[in-house]
Amino acid sequence: QVQLVESGGGLVQAGGSLRLSCAVSGRTFSSYLMGWFRQAPGKEREFVAAISRSGTSTYYADSLKGRFTISRDNAKNTVYLQMNSLKPEDTAVYYCAASRFLARSANYKEYNYWGQGTQVTVSS
């Protein structure tokens, strides 16, 4: 079974940056659409970004485009989320996810595999 493990979360001040990593087990990483989602307490899971299998196409929540960058290294079975100019509103648990079946999706229900999440807290 595929396993996803996030890392890189932590506590940062507003305006700071973090780089999240998601390591994926197995040999089929390049077959997956990869996405990042986040969930704050009491809120629905929210789409952050996604990247195509080859890495040639990226997708972002409109409100985050320009601050966050998703990338992947298929040779290392790893997907990244670079987060810049962080705001307190970005505070959430960030999840890495993989989709076997879709070429693009912003719907968390359409992703098949999930990591355990990593906490990102942005202080003011």
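User: Over how many bridges do β3 and β8 pair?

Analyst: This is a predicted model, in which local features need pLDDT of at least 70, side-chain atom pairs count only at pLDDT 80 or more, and totals for chains, interfaces and linings use all residues. Residues are numbered from 1 along each chain as its sequence is written, and side-chain values use heavy atoms, with hydrogens and water left out. Strands (E, at least two residues) and helices (H or I, at least four) are DSSP runs numbered from the N terminus, and two strands pair if DSSP finds at least two bridges between them. For β3 and β8 the sense is antiparallel, and the number of bridges is six.

User: Which residue of β8 is the bridge partner of Leu-18?

Analyst: Leu-18 belongs to β3, which spans 18–24. The bridge partner of Leu-18 in β8 is Met-83.

User: Why is strand β8 described as largely enclosed by the rest of the structure?

Analyst: A residue is buried under 20% relative accessible area, exposed over 50% and partly exposed in between (1.4 Å probe, protein chains only). Strand β8 covers residues 78–83 and is largely enclosed, because the number of its six residues that are buried is five.

User: Which residue in the turn between β7 and β8 has a positive phi?

Analyst: Strand β7 (residues 68–73) pairs with β8 in the antiparallel sense over six bridges, and Ser-71 stands opposite Tyr-80 in β8. The two strands, β7 and β8, form a hairpin with four residues between them.

User: Is Ser-85 buried or partly exposed?

Analyst: Ser-85 lies in the loop between β8 and β9. Although Ser-85 is not a glycine, its phi is positive, about 50 degrees. Its relative accessibility is 42%, so Ser-85 counts as partly exposed.

User: How many residues apart in sequence are the parts tied together by Cys-22 and Cys-96?

Analyst: A disulfide is counted where two cysteine sulfur atoms lie within 2.5 Å, and by this rule there is one disulfide. In the pair Cys-22 and Cys-96, both of them buried, the sulfur atoms are 2.2 Å apart. The link of Cys-22 and Cys-96 is left-handed, with -85 degrees about the S-S bond. Cys-22 is in strand β3 and Cys-96 in strand β9, so the separation in sequence of the parts they tie together is 74 residues.

User: How many residues apart are Tyr-32 and Tyr-113?

Analyst: Rings of Phe, Tyr and Trp (its six-membered ring) pair if their centres lie within 6.5 Å, with planes under 30 degrees apart counted as stacked, over 60 as edge-to-face and the rest as tilted. The whole structure holds six aromatic pairs. Tyr-32 and Tyr-113 form a tilted one, with 5.9 Å centre to centre and 55 degrees between the planes. Tyr-32 is in the loop between β3 and β4 (33–39), Tyr-113 is in strand β10, and their separation is 81 residues.

User: What kind of aromatic pair do the rings of Tyr-95 and Trp-114 form?

Analyst: The ring centres of Tyr-95 and Trp-114 are 6.3 Å apart and their planes stand at 80 degrees, so the pair is edge-to-face.  The pair links strand β9, where Tyr-95 lies, to strand β10, where Trp-114 lies, 19 residues apart. Tyr-95 and Trp-114 also belong, with Phe-37, Phe-47 and Tyr-111, to a cluster linked by ring pairs. The kind of pair formed by Tyr-95 and Trp-114 is therefore edge-to-face.

User: Which charged residue sits over the ring of Trp-114?

Analyst: A charge sits over a ring if NZ of Lys or CZ of Arg is within 6 Å of the ring centre and within 35 degrees of the ring normal. Trp-114, at 26% relative accessibility, counts as partly exposed. The charged end found over its ring, 4.7 Å from the centre, belongs to Arg-45.

User: Which residue joins Ser-105 in a side-chain polar contact?

Analyst: Ser-105 is in the loop between β9 (92–99) and β10 (113–114) and counts as buried at 9% relative accessibility. Not counting residues up to four places away in sequence, it is in contact (heavy atoms within 4.5 Å) with residues including Leu-33, Phe-47 and Ala-50. A polar contact is a pair of N or O atoms within 3.5 Å; within protein, one must be able to donate a hydrogen and the other to accept it, and residues adjacent in sequence count only if both atoms are side-chain atoms. At 2.5 Å, the side-chain partner of Ser-105 is Glu-110.
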